Amino acid sequence: MKQKMDPWKSFEIKDYDKLMQQFGIDKINNVKIPKSHKYFTNGLVFGHKSLQTLFEAKKNKKSFAMMTGLMPSGKFHLGHKLVADLMIYFQSIGAECYVAVADIESYLTRDISLEEAKKVAIKEYLLNYIALGLKSTKLKFYFQSQGNKNYMNLSKFVSKETTMNELKDIYGELSPEKMISAFTQVADILHPQLKENGGPKPVVIPVGIDQLPHINLSRDIAKRMKEDYKFIPPSAIFLKLLPGLKGGKMSSSDPNSAIFLSDDEKTVKKKIKRALTGGRETVEEQRRLGAEPSKCMVFKYLYYFFEEDIKIREKRCKTGKLLCNECKKDLNDNVNDFLKKHKKALNAAKKNYKKFI
Ligand code: TRP
């Protein structure tokens, strides 16, 4: 059965390989990546669509861009950091950057007022992006509700290039609000290629895999608008859904499932202490049988965020030489070191974020 995907609801993915086959997602390890980032090698970015076109443009000294968007709700957590780091990576290799605040979408689908969305977008997202290293050069950080005329028109014109049946096939049942949100997102994704933004060029969209339906719709529509707009189908890279600390889903509304970049030392310690591991009931048992790193969130977080080579840790864990407390302490030290530096950068960002808007 085809994996059901509703980008407005949470879902779990059991088998990434199967998903890739079903949705024509290519493996990332077939692409040669300049100045590669660790997320490309540790499996977090597991797949892509036509990413080569972007790097070809780079090689030929042609322009290329990165475009993504944020949902202005809740506090900024480690899951959000993944997309932010990739935005910054693409900016560092020379991409023009477009970042949409999805305030139309959050108003329509989550009942968040435009004012509230603006506050959250700046305080939680923009400031953290800057602290993580986003630069203001070649960057357009914009609000969906404040886009210019051509962008607004595009968000309506794209509706002519699809059918109700196609939308149902891609999204399942769709309310009017969701439909408008989808068209707005298609405009986000395609507008870097409008004449006023320098015309057609390869654009990569780094997103969590939950956004795949929007990518597929945008690519289909881009092809159909080829005559008039000469759009190049947007490229995409897909991130795995980062599991919560307790296993299961990570969510802003469940504070114990996520580490927020605003958490203090004690809170981080408490959350990591309660994290799901692959450990045994007793120390004795663990020494004897070893533990199961594949089930362990602490292991995953260490691998995804902090350690290049996890093989030694894995082996020590499986053979019972390593106990869970030691890994938890390592993760805790890493996270708190990072947050300490990050908080300084955040204070600096508070002073100069105005030039980003
Ligand atoms: N729908 C996205 C989310 O829920 C936000 C978004 C809006 C977006 N426009 C976009 C993502 C364009 C990628 C590209 O997070």
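Directly after helix H8 comes Gly172, whose phi is positive, near 80°; helices (H or I, at least four residues) and strands (E, at least two) are DSSP runs, numbered from the N terminus. This is a predicted model, in which local features need pLDDT of at least 70 and side-chain atom pairs count only at pLDDT 80 or more, while totals for chains, interfaces and linings use all residues. Residues are numbered from 1 along each chain as its sequence is written, and side-chain values use heavy atoms, with hydrogens and water left out.

- Helix H8 spans residues 164-171, and its buried residues are Glu166, Leu167, Ile170 and Tyr171, where buried means under 20% relative accessible area, exposed over 50% and partly exposed in between (1.4 Å probe, protein chains only).
- Seen down the axis of H8, these buried residues fall within an arc of 110°, so they line one face of the helix; the arc is that of the directions from the helix axis to the C-beta atoms.
- An α-helix has 3.6 residues a turn, so residues three or four places apart point the same way.
- The buried residues of H8 pack against H9 and H10, contact meaning heavy atoms within 4.5 Å, whereas the face turned away from the buried side carries the exposed residues Asn165 and Asp169.

**Helix H5**

- In helix H5, which covers residues 103-110, the residues Asp103, Glu105 and Ser106 are buried.
- Around the axis they cover an arc of only 155°, which puts them on the same side of H5.
- The elements that cover the buried residues of H5 include strand S4 (96-101), H6, strand S5 (139-143) and H9.
- H5 is followed by Asp111, whose phi is positive, near 60°.

**Packing of H7 with H9**

- Helix H7 (residues 149-157) packs with helix H9 (residues 176-190) at an angle of about 125°, the axes being 8 Å apart; axes are lines fitted to C-alpha atoms, for helices over the stretch in contact, and angles run from 0 to 180 degrees between N-to-C directions.
- That makes H7 oblique to H9, since angles under 35 degrees count as roughly parallel, over 145 as roughly antiparallel, 65 to 115 as roughly perpendicular and the rest as oblique.
- The crossing of H7 and H9 is right-handed; a crossing is left-handed if the near helix is turned anticlockwise from the far one by less than a right angle, and right-handed if clockwise.
- On the H7 side the contact is made by Tyr151, Leu154 and Ser155, and on the H9 side by Phe183, Thr184, Ala187, Asp188 and Leu190.
- The residues of this contact divide into five nonpolar, two polar and one charged, with Ala, Val, Leu, Ile, Met, Phe, Trp, Tyr, Cys and Pro counting as nonpolar, Asp, Glu, Lys and Arg as charged, and the others, Gly among them, as polar.

**Packing of H14 with H16**

- Helix H14 (residues 297-306) and helix H16 (residues 324-352) have axes that come within 10 Å and cross at roughly 40°.
- H14 and H16 are therefore oblique to each other, and H14 passes H16 in a left-handed crossing.
- From H14, Val298, Tyr301, Leu302 and Phe306 meet Cys327, Lys328, Asp330, Leu331, Asn334, Val335 and Phe338 of H16.
- By class, the contact of H14 with H16 has eight nonpolar, one polar and two charged residues.

**Leu132 in helix H6**

- Leu132 lies in helix H6 (residues 114-132) and, at 17% relative accessibility, counts as buried.
- Leaving aside neighbours within four places in sequence, Leu132 is in contact with Phe76, Lys81, Ala84, Asp85, Ile88, Phe338 and His342.
- Although Leu132 and His342 are 210 residues apart along the chain, their C-alpha atoms are separated by 7.3 Å.

**Loop residues**

- Lys35, in the loop between strand S1 (26-27) and helix H2 (38-41), has phi near 45°, a positive value in a residue other than glycine, and is exposed, with a relative accessible area of 58%.
- Ser50, in the loop between strand S2 (45-49) and helix H3 (52-59), has a positive phi of about 40° although it is not a glycine, and counts as buried at 16% relative accessibility.
- Gln211 lies in the loop between strand S6 (203-208) and helix H10 (212-224) and counts as buried at 16% relative accessibility; apart from neighbours within four places in sequence, Gln211 is in contact with Pro7 and Gln185.
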